[in-house]
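Thank you all for coming.

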Amino acid sequence: MSSLARPAVITIDPRSADVTDCVVQVTSPSGAHVPVKLSGELPNKLTAEFQPLEVGPHTINVIMDGESVGGSPFTCNIYDVTKVQVISLDHTKVNRPVTFTVDASQAGEGTLELVVTTAKASVRAEVAARSRGLYDVTFTPHEPIPHFVNITFNEEDVLGSPFKCDVRELEPREVRHLQRKESQMVTAKGDGLKQVVTGSTASFTVDTKGLDGELDIRVTGPDGGQVPARLVKLRSGLHRAEYRADQVGSYSVAVLHQGTPINGTPYTVEAADPRRVNLQPAGECFSAQECALKVDASGAGRGTLSVGVRAAGQDVKHSIRDLGGGLYKVLFYPRAPIPHKVDIRYNGVPVQGGPFEVGVRNPATGHSVTATGIGLHQARVNKPTSFVIETLGQPSKEFDVLITGPQDWAVPVKCYQQKDGNLLAEYTPHIPGTYKIEVMCSTKHVKGSPFQCTAYDASKVMLGHSKLVTAVGEPCLFKLDKSEAGIADLEVHIVAPSGVVMPLEVKSGPAGEAVEWVPDAPGQYRVTFLYGGEEVPGSPLTVEVGESGLASVKGSGLDGGAVDTPLTFTIDGRGLLGEPHVTVDGPDSVARVNVRKQDEGLYQVTYVPHEVGIFDVRVQWNKRDVAGSPFHPKIVDPARVRLIGGWSSLQDADGRLELTPREEKRLAFDVSEAGPGRLKGEVMHEGRQVEIGMDQNGSRARLLFTPPGEGSYELRLWYADLPLPDMPVLGWAEPVSTGDHTRVTLQGHGLNTARCGDQSEFIIDGSAAGPGAPDVTMSGTKTDISVSLTHQGGGLWRAVYTPIVPGAYLLNVMWSDRQVRGCPLKVNVESAADASRVVCSGEGLRHGMVGNEIKSFIDTRRAGPGELTVTCTGPQKVALCDLDEHGDGTFTLNIRPQEPGRHALSVKYEGEHVPGSPFTLKVAGAPDPSKVRVYGPGIEHGVLASYQSRFICDTRGAGAGQLTVRIRGPKGAFRVEMQRESQKDRTILCKYDPTEPGDYRMEVKWSGEHVPGSPFIVMIFDTQDELNRYMAGGYSPSGPGGAPSDYYGSIGYGTYGAVSFGQMSWRGSQAQL
C-alpha cells in the first residue's frame, strides 16, 4: 500500500542466489505501464521505485533471470487522502445530535479512523455505512464548548482535520421540548402493566433507547396509597421495574424519564386474587350428558377466567357462561365415565386447589350390561390395568373380552369373578398407542363396546432445557418431545425455595411442547415434569437462580477436567459495575487462579488443578456469589486407571490383546486413584461396534465383551469422558479349530440337583474332543442362572453356579457351538429353607381377646436360613403382628387384634406356608361385666330348713372373661358348686347349700370386676318368725347387734369357684372368624 502523493518503493533481496538479471514491471488499474527506476547491483539488494498516477490496485511483476519470483505478481493499493471529503458538518446546540457525511469512495482502499473530542474528553460517535466508502457519522454534544472531529485515512490526516463544530447552550424552551421528545422515545412493556396477581411480584421492562437521565416509577394502589417500586438495570441496558400488589383492584403505574411521563403513561393495571375463586359442583355428572360446574370469582377482582377440561389425556369440549357479578357456569360434555380434570385459571394463574377432579358416572350402571373403569380409556405401558364388567347376574361364561393392540396384536386378558357377581378384566399394554377393547355378552357387544384405550409411556418423553443456571428476570426454556410416548396429561410443577409449589403452563407447538418460566426471586428451584402422573426421565431438574444484575458464568472448567491441565471458564459482567473475585479449592490444596480481562466486563478464568477430587470454584461479583456459585467440578486423572494384572499379561508377543472368537473377555480395572468418574469403553471390529458390558462398583470397574469372530480389534477407554493414554489398545482373535463335541463328557453333582444359596459345580471334560471351548447356559421359567467357567488346563473346564430361585432349570452345554451329547439336562433347584421344619406352638395360635396381646412361639432352627413372614387378617381389619427374635432362630409372635371375630393367621418361611398355616385364630371381644345378670333364690333372704341356694349367672353378651364367685359365711357351713350344660353354654348354675343360719356375702366378678348387684348380702334364719322380724327391721341371724363374720375366701372359711371363658366361643357372642 502506498500514497499517490509520493513514489512507491520496493526492495528486492536475492538472498545470495546466483542471478544476473532483474526486471520489475508495474501495471496501473487502467492497464498502463508505469516507469520503474531500479537502483543497486546484484547479487546485493535492489531498490525499485515508481510514481503512481492513478488510485487503485497496481500489479508488480518481479522477474529474475527470465522467471517470476515466488508470489509474483504482487498487488500494491494506491490511495489518495486528498480525495476524502467531510460534508454537512454544521454548528449545533447542547444535546442536539449532529450528523455529517464522510465520503472516501474516491480515495482508494484503506482504513478510515474518526475521533470526536473536546478540550476535556472524547465524545462517543456512531458510524453507519451508506455504501462502499460513504459513511454517516452522528454524535451528541453535552457541553457548550467547541467539539473537534479528527479524521485520518491510512494513518494520514484528512485535509482540514481536525474539523471544528461550535456548540451553544439550549434555550429553556428548547430544553423542555428536547426532554419531552426524549421521554417519548422511552418505552415500557410487560405483564406488570396489564394484569397482575395479588401476593406476587409484578414486573415490566423499560427501554430508554440509550438516553441518559433519571428514570422514576410511581405505583398508586386501589386505596390511593403509594406502592414501593424497585428498579434494576440489566446487562442488556434495559431496566426492570418490580412492585408487589397486595390488594385486589386497579393500580396506576406511571413511568417518568427526567421527570417527564413517557408515552402511554399512566398505565391502569388490574390486580386479581385467584385464591378467591371457588368451584361449586352443580350435581352428579354422567357420561354423554351435559355436566355443569359453578365458578365464583366475585371476590377475586377483575380478570379473565379460562378453563381446560381433560380426560385420559384428551381435551373435552366445554364452554363458559358469564352469569354476571363474577359468577360463571362451566359446561362440559364427558364422553367416558372416568374422572375428568378441570383446570381453572384466573388471569392465567391456576386457582387454589386446582386442577380439580370431577367424577363422572356411567348412566347405564345398574340398568344395562356394560363395562366401566379407567382401564377402558387410558393405561400405562408395562403396568397392569383393569376394568369391571357389570354382569347384572348373568353367568360369566356368557362374556368374552377381546383386546387388540396398535399393530393389530392380540393382547392377553384375564377375567376374575368378583364377590358381587361382576367380572374384573385385567391386561397389560406393552407399547404406546391406541387399543381396541371389545366386551361381548352372548356374542353381542355390551353397551359402549368397542372401547378405545390410549396407552402411554412416560419413559419415552424426551426432556431438554436451555440452561440450569440463570438470574432473576431471565427466562428459562424447557422443551419436551412426547411424540413417541402416547397420549396423557403433561403437568409441570416448580417448587420455590420457600417450598411453595406452583404449576407452570405448557404450550404446544409444531416442534413439541415448551415451558417458559421467568424466575422472580433468587434461590434453588426444583422443576418436576409429570406425564400421566408419572415423572419423565430427567425429572426433576434443579435450577440455580441468582440475583439480577450479577454476572453470568459458563465454560467447561466449571464441570471438570483432567489433573495438571489448564481449565477455563468465562465471566460475563458486561454492562455491570464492579469486578469478579474467584477462588478454587481442592480437597487438600488451593489452585492458582489467573483472571484475564478480555473486554470491558468480560473475563477469562484459568486454573490448573494438581490433585483429583471434587473442587469448589467460588465466583463472586461485587462480593456476592453469582448464580450457581460455588461450582463443583470433578477433577480426574485417566492415567491412574489401572488394569488389574497389567496389560502385558494379556498381550501376545506383538503387544496385542489376546482374544478368542465367541469366548467372553473380561477386563477388571482399579479406578480408586483416578478421581470421581465413570469408565466407558468401545470395541471395534471390522468397522463395526461390538456390544460390551460395563459395570462399575466403587473403586472397581469391569469391561466384558465377546469377540464375534477372528481378526483384529480396537479397544478404546474413557474415564469421565476423557481418553485414557495409549489408546487404542489393539487386539487379535486367532482362528479356532473345531474339535469333536461328541467326545465331551460331563460329571458332577451340579448336573442333577442344587440348593438355593449354595454353590454347585460340575466338570466339562473336553480332553478327548480336540480344540474348542465350552459355552454353558442355565434357563428357568422364572429366571436364568449365570454359570462361571474356569479353564483347568488339558481340556478340563470347571463350571460353577449359585442358584437363588428354586425350581426346574434346563442346563445346556455347547462345545465350539455344537451341543454336547445328553444336553439339555434338567436340574432341580431346591429352596434353601425348608418351611416344613418350622414349629409353631402356643395358645396364641388358636384363640385370644381384643385388647390383650396374643402370644405364640415359632422355632425355625431346623428349617435352615430363610425369611419368616407373618400376617393376621380379621373380618374387616388387619391385626398388628410383632416378631421378637431371640437370636437363636426362635421367635415370639405377638398379635394385637383390632376387632373380634375369626382371624386368618398366615405364617410363611421363605414364601412357603409352615405346617398348620394358615391358622384359624378365634378372637373374642373385650369383657363387659355390665352385661352379666345374676338371678335366682340363692341371692334372696330365707329360712334354713327350706332354703334353695341356687342362682344363675348369665354371661351372654359379656364377651370373653373369667367368672369368679366368692361366698363368705359361717365357717364350714356351705360348699360352692358351679356347673353348666356344655363348654359353649354361657349360663352357669351356682349353689352353696348352707348348713347354718347366718350372714352370707356373695361376690360375683367377671374378669376381676363386680357384676351389677355384686356383692349380694343374704340373711338365712332358723325360723320364719326370725325372717319376718328381720324384714321388719332390727334383727340379725347372728343375733342382735352381731358382728359379721371375719371369714372370707376359701381356706377353711369359705369356698371359691371359678369358670374361665377366655379361650372359646358361644352362641350369642360377637361374630368372629
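**Charges, cysteines and salt bridges**

Let me begin at the surface, where Asp18, Asp21, Asp65 and Glu67 gather in a patch of negative charge. A patch here is made of residues with over 30% relative accessible area and no salt bridge, like charges being joined within 9 Å and nonpolar side chains (Val, Leu, Ile, Met, Phe, Trp, Tyr) within 5 Å. Please keep in mind that this is a predicted model, in which local features need pLDDT of at least 70 and side-chain atom pairs count only at pLDDT 80 or more, while totals for chains, interfaces and linings use all residues. Residues are numbered from 1 along each chain as its sequence is written, and side-chain values use heavy atoms, with hydrogens and water left out.

Glu67 counts as exposed because its relative accessibility is 59%; buried means under 20% relative accessible area, exposed over 50%, and partly exposed in between, with a 1.4 Å probe and protein chains only.

Turning to the cysteines, how many disulfides does a search of the whole structure find? The search finds 1, a disulfide being a pair of cysteine sulfur atoms within 2.5 Å. Cys285 and Cys291 form it, with their sulfur atoms 1.7 Å apart, and Cys285 is buried at a relative accessible area of 2%, as is Cys291, also at 2%. Cys453, by contrast, has its closest cysteine sulfur in Cys415, 15 Å away, which is too far for a bond, and Cys453 is buried at 0% relative accessibility.

Finally, the salt bridges, of which a search of the whole structure finds 36; each is a side-chain nitrogen of Lys or Arg within 4 Å of a carboxyl oxygen of Asp or Glu. In one of them, Arg656 meets Asp654 at 3.6 Å, N to O, and here Arg656 is partly exposed at 24%, whereas Asp654 is exposed at 59%. In another, Arg755 pairs with Glu830, the closest N and O atoms being 3.9 Å apart. This pair links distant parts of the chain, since Arg755 sits in strand E83 (residues 753-755) and Glu830 in strand E91 (residues 825-830), 75 residues apart.

Note on methods. Accessible areas come from the Shrake-Rupley method with a 1.4 Å probe; for residues, only the protein chains shown count as cover. Lys and Arg count as positive and Asp and Glu as negative; His and the chain ends are not counted. The place of a charge is taken as NZ of Lys, CZ of Arg, CG of Asp or CD of Glu. Helices (H or I, at least four residues) and strands (E, at least two) are DSSP runs, numbered from the N terminus.
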